[in-house]
Amino acid sequence: MTSLPPISQWLAALLLVVVVSVLPDHVYGNFVHRWSQNDGSRSGEQQPNIVFVLADDYGYNDIGYHGSQIKTPNLDMLAQSGVTLENYYVQPICTPTRSQLMSGRYQIHTGLQHKIISPDQPNGLPLDSPTIASQLQKAGYSTHMVGKWHLGFYKEDYLPWRRGFDTFFGYLNGDEDYYSHKRGYKGKPYLDLHEEGRPVRNATGHYSTHLFTDKAIDLIKRHDPSKPMFLYLAYQAVHGPLEVPKQYEEQYKHIKDKKRRIFAGMVSALDQGVGNLTRALKQANMWKNTVLIFSTDNGGKPEVGGNNYPLRGEKKTLWEGGMHGVGFVAGGRLRPQGQVNRELMHVSDWYPTMLRLAGSKVNVSSLALDGVDQWDTINGGASSPRQTLLHNIDPLWPARGKRHPHYAWDTRVRASLRSGDYKVITGDPGPGRWTKPPGEDATGQQFYANEDSHKNLWLFNIAEDPTEHHDLSAEKPEVVEELLNLLVQFNRTAVPVRYPKPDPNCNPGLHGGVWGSWQ
Ligand SMILES: *[C@@H]1O[C@H](CO)[C@@H](O)[C@H](O)[C@H]1NC(C)=O
Ligand SMILES: *[C@@H]1O[C@H](CO)[C@@H](O)[C@H](O)[C@H]1NC(C)=O
Ligand SMILES: *[C@@H]1O[C@H](CO)[C@@H](O)[C@H](O)[C@H]1NC(C)=O
Ligand SMILES: *[C@@H]1O[C@H](CO)[C@@H](O)[C@H](O)[C@H]1NC(C)=O
């Protein structure tokens, strides 16, 4: 036995030195950076770039791979190259989904249980919920946001560039015109487009899907490769108003329904934007070290062209059409290719999942998160650590019907929870109809369930009945009881709802004609 290592190890060590010394600076730089983090768990692994693309009001039946009449070749190809999430949930409206993405917490723990933040409301994602951007910033990332914020701006502390984003280019409210970038207040339009604290006045006439894509690509081109990048691209598309450059709409001449036709064009522009973004990441040599996440914020709104068929319900409802989200993961740092993942996942899970990807040193249990790390589920095929998913409890929503006498939970209250394959809904979940997409010559047909308008309790087995046709609440009272008891427990941990009265001082007419902080 010799005490010297075998010659092969000497050669391997020599080769490593040679390889490291010829590596481009940015690759080496990231390795060094990871090592300097030294949290002991993933030393030596390079921190991936994280690109999070959020679409707005993008319905279950609006993406090619769900059999939509709308063509999305770029999104389909990305999903096929990675992992499609088919048991993935978001919240039924904008602010709630964005609040959970940014905080990793359920709405009952941030006070944002009720509706959205309206432009005139002195409200925001509470400052004691640190955003994922601020965590990634601490972990060494350069952090950028492009697009829609919708998490409050009445005080400067709530602005995105004060909450962990190095840069911000976008708008603060929930919706506006795609070309003028203006949003009305008491009938007058005011600019809502900002680059950090400065109003952007020269983008009038530039369609936001192009504007935001170009901005994101510009950030990619200028990215300092010695750092990992976090890019949150929250598109305006495909929220109303129905606006799109003609050439996109013209691809859908065969769809006679005007709303669906324009909407389809808006989706095609979005699809092209994501294609351009992906190309830019490849050209910048960043793709192989990127995890790209694509998600909708909630279900589609048939009134403005979106569609969730065959799911029941739509945006703003607690039916699957409101919350069963379109989502996939792609990028060079993802191991599986072409997988369909049916494990239960939720938008609040991205927070700890991204912390894990970043190798963050933060003490996750001190953050009191509701999300769980899903990276092994997505990248390693493990089963989901999530058994239960609280969709929401909204004590301010008008009560419906009579309280059910057999259960501890007040069934008049709007709430929903998932446990395993079962989902319970109480109170008023919103319109529970099924809307077929408008075909080539018809407008979308709607189908209604034959239900009493005071009904306030439903139980579904979502695995067997994803379209919510068969209410099991009368058949399986023991399952109902179990799920309602979970609601009772969650409700004990809820914080009071933050839903302040409108403040007329928000009026942008009083502040230079631009939306912004007013307190
Ligand atoms: C607006 O002006 C900025 C700064 O000069 C410039 O970088 C940007 O390209 C302009 N944007 C548009 C849409 O013309
Ligand atoms: C994508 O890139 C092409 C080619 O540069 C351009 O014509 C198109 O407008 C871009 N689309 C979007 C949505 O950015
Ligand atoms: C992490 O936070 C939890 C909850 O605040 C605390 O009990 C625990 O001691 C912390 N762990 C470390 C290593 O600081
Ligand atoms: C939820 O908790 C609040 C505060 O403790 C309580 O007032 C309310 O009645 C509870 N709701 C239900 C439906 O049990």
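UniProt positions are given in the numbering used here, with feature names shortened, and the annotations may be inferred rather than shown by experiment. The model is predicted: local features need pLDDT of at least 70, side-chain atom pairs count only at pLDDT 80 or more, and totals for chains, interfaces and linings use all residues. Residues are numbered from 1 along each chain as its sequence is written, chains are lettered from A and ligands numbered from 1 in the order in which they are written, and side-chain values use heavy atoms, with hydrogens and water left out.

View 1. An unreviewed UniProt entry places the feature "domain: Sulfatase N-terminal" at residues 48-359. This span is 27% helix and 19% strand, and its end C-alpha atoms lie 10 Å apart; helices (H or I, at least four residues) and strands (E, at least two) are DSSP runs, numbered from the N terminus. The protein chain is divided into domain 1 (46-359 + 367-386) and domain 2 (389-491), with bounds from an automatic or database domain assignment.

**View 2. The interface of domain 1 and domain 2.** The centres of the two domains, taken over C-alpha atoms, are separated by 27 Å. Domain 1 contributes 33 residues to the contact and domain 2 contributes 39, where contact means heavy atoms within 4.5 Å. About 3200 Å² is buried between the domains, and carbon and sulfur atoms give 58% of this area; buried area is the accessible area (1.4 Å probe) that two parts lose on being put together, summed over both. Within domain 1, the residues that lose the most area to domain 2 are Arg312, Leu318 and Trp319, together 24% of what that side buries.

**View 3. A salt bridge between Arg433 and Glu314.** The side chains of these two residues meet at 3.2 Å, N to O. A salt bridge is a side-chain nitrogen of Lys or Arg within 4 Å of a carboxyl oxygen of Asp or Glu, and the rule finds three across the interface of domain 1 and domain 2.

View 4. Pro302 is found between strand 11 (290-296) and helix 9 (320-323). Leaving aside residues up to four places away in sequence, Pro302 touches Glu314 and Thr435. Pro302 and Phe263 lie 39 residues apart in sequence and 10.0 Å apart in space, C-alpha to C-alpha. Pro310 lies in the loop between strand 11 and helix 9, and a cis peptide bond with omega about 10 degrees joins Tyr309 to Pro310.

View 5. Most residues other than glycine have a negative phi, and most peptide bonds are trans. The peptide bond from Gly240 to Pro241 is cis, with omega near 5 degrees; Pro241 sits in the loop between strand 10 (229-234) and helix 7 (246-249). Asp57, although not a glycine, has a positive phi of about 55 degrees, and is placed in the loop between strand 1 (49-55) and helix 3 (73-81).
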